[in-house]
Amino acid sequence: MYNLHNQLLTINYPMAYLIKNIKKLVQVETKPVLLRAGKDMQTVKCIDNAFLLTDGDKIVDFGKMSKLTEEVLAQSKHKIQEIDATGRMVFPSFCDSHTHIVYKGSREIEYNDKIKGLSYEEIAKRGGGILNSVKKLRKASEDELFDEAWERLEEIISFGTGAVEIKSGYGLSTKDELKSLRVIRRLKEKSPLTIRATFLGAHGVPEEYKGRQGEYVDLIINEMIPMVAAEDLADYIDVFCDRGFFTPEETERILMQGIKYGMRPKIHANELANSGGIQVGVKYNSLSVDHLEHTGPKEIECLMGSETMPTFLPGAAFFLNMVYGPARQMIDAGLPVALASDYNPGSSPSGNMQFILSMGCVNYKMTCEESINATTLNTAYAMGVSQTHGSIAKGKVANFYITKPIPTIEFMPYSFGSNKVEQVFLNGKKVK
Ligand code: NIG
Ligand code: FE
């Protein structure tokens, strides 16, 4: 798809599409909202026997086939290419608000250790885990990292993702964190995906700072954050606020400095223990707090009325065989919930959002509609792009996919493990 994408930039491209005879056009909005919470998460508006019209990189119109007139078509300024979607559905592309896609190699040896009974924390303590990926990333060149990450992006595009947040966090030195973020910047420039970058210098304490965690936090605050900001490399700042990693106090200090340099927080919280991360996240108006396996009524209460999106990462809970967080209770309490893949080499080596959609239903007891909202609009909010992504609405970016012939929307989460995505459009261009 790399070559394909380069070609797409150069050849004379039909810049408008009419997708017609769509069996069901899913997640349409006439009055777009930034997120759906509580009972509203049940709402997924659909149009049967529909059309969708794009022009350039935007959606310009949609509706019932019976309403498709010359006047409607005249809204597209470019030559229109028609695609017949008979028997197929059209969904807005998934958004994936939490990934660590820039890494080198893999960690399937630890996977074996896990199967034999070692916990994530035990593996990390032995110098495995995040620090294992740090060793590999430090040895890799920017080009090597770019190429590996590019392959992962190609893969997630083919599964229907249209926007993705990517974190640094396997460098853990100023030089290697900057290297990772520069790779993300190149991916942003080259990829048809919408990408947001997050600085996660506080992902772990590197070997050379062992026993001197405070000094490493100082390095993040005094050196890394100013340098990341000087090159404008990150939209957001993240901290792994959890037992055995960074404390709520350290997290506060890092977030305050990040905010000062223009990066809104999005944090890892409550994956390994009820760590106080959610409270810190809400206090600093984090865009999202993510993981949340260990979350009780106090934390749910704390999230009520905030602008922070609770985000669950089913892939990590599945892969590490952890408890599944209380998404159901949150929705019942009136909160919104987002789902993301956490694509990374240690706790979730998959970025398949179709699988995440299924897990939303099976493991978090969300309805099909709730899970669709959690993997489209709400996860778009959790990466700051729900004004332009996450639903089919006039003026939004034309990021959507056409399914294979499928009978119902429920078939999407039901038929887990097989790729139901047939054609992919990003920025109004057909990329698959
Ligand atoms: O989101 N929890 C912290 N970080 C990652 C895992 C990173 C790794 O194990 O490489 C996560 O699960
Ligand atoms: Fe993560």
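How many salt bridges does the rule find across the interface of domain 1 and domain 2? I will come to that after a word on the model itself. This is a predicted model, in which local features need pLDDT of at least 70, side-chain atom pairs count only at pLDDT 80 or more, and totals for chains, interfaces and linings use all residues. Residues are numbered from 1 along each chain as its sequence is written, chains are lettered from A and ligands numbered from 1 in the order in which they are written, and side-chain values use heavy atoms, with hydrogens and water left out.

The domain assignment, which is automatic or from a database, gives domain 1 as 4-92 + 391-430 and domain 2 as 95-381. Their centres, taken over C-alpha atoms, are separated by 29 Å, and 31 residues of domain 1 are in contact (heavy atoms within 4.5 Å) with 35 residues of domain 2.

The two domains bury about 2600 Å² between them, 63% of it on carbon and sulfur atoms, where buried area is the accessible area (1.4 Å probe) that two parts lose on being put together, summed over both.

Now to the opening question: across this interface the rule finds zero salt bridges, a salt bridge being a side-chain nitrogen of Lys or Arg within 4 Å of a carboxyl oxygen of Asp or Glu.

Finally, the metal: the iron ion (ligand 2) is coordinated by H98 (NE2), H100 (NE2), H268 (NE2) and D342 (OD), at 2.1 to 2.3 Å. Donors here are N, O and S atoms within 2.8 Å of the metal (3.2 Å for Na, K and Ca), and the site may look incomplete because water is not among the atoms. Along the chain, the donors follow the spacing H-x1-H-x167-H-x73-D.
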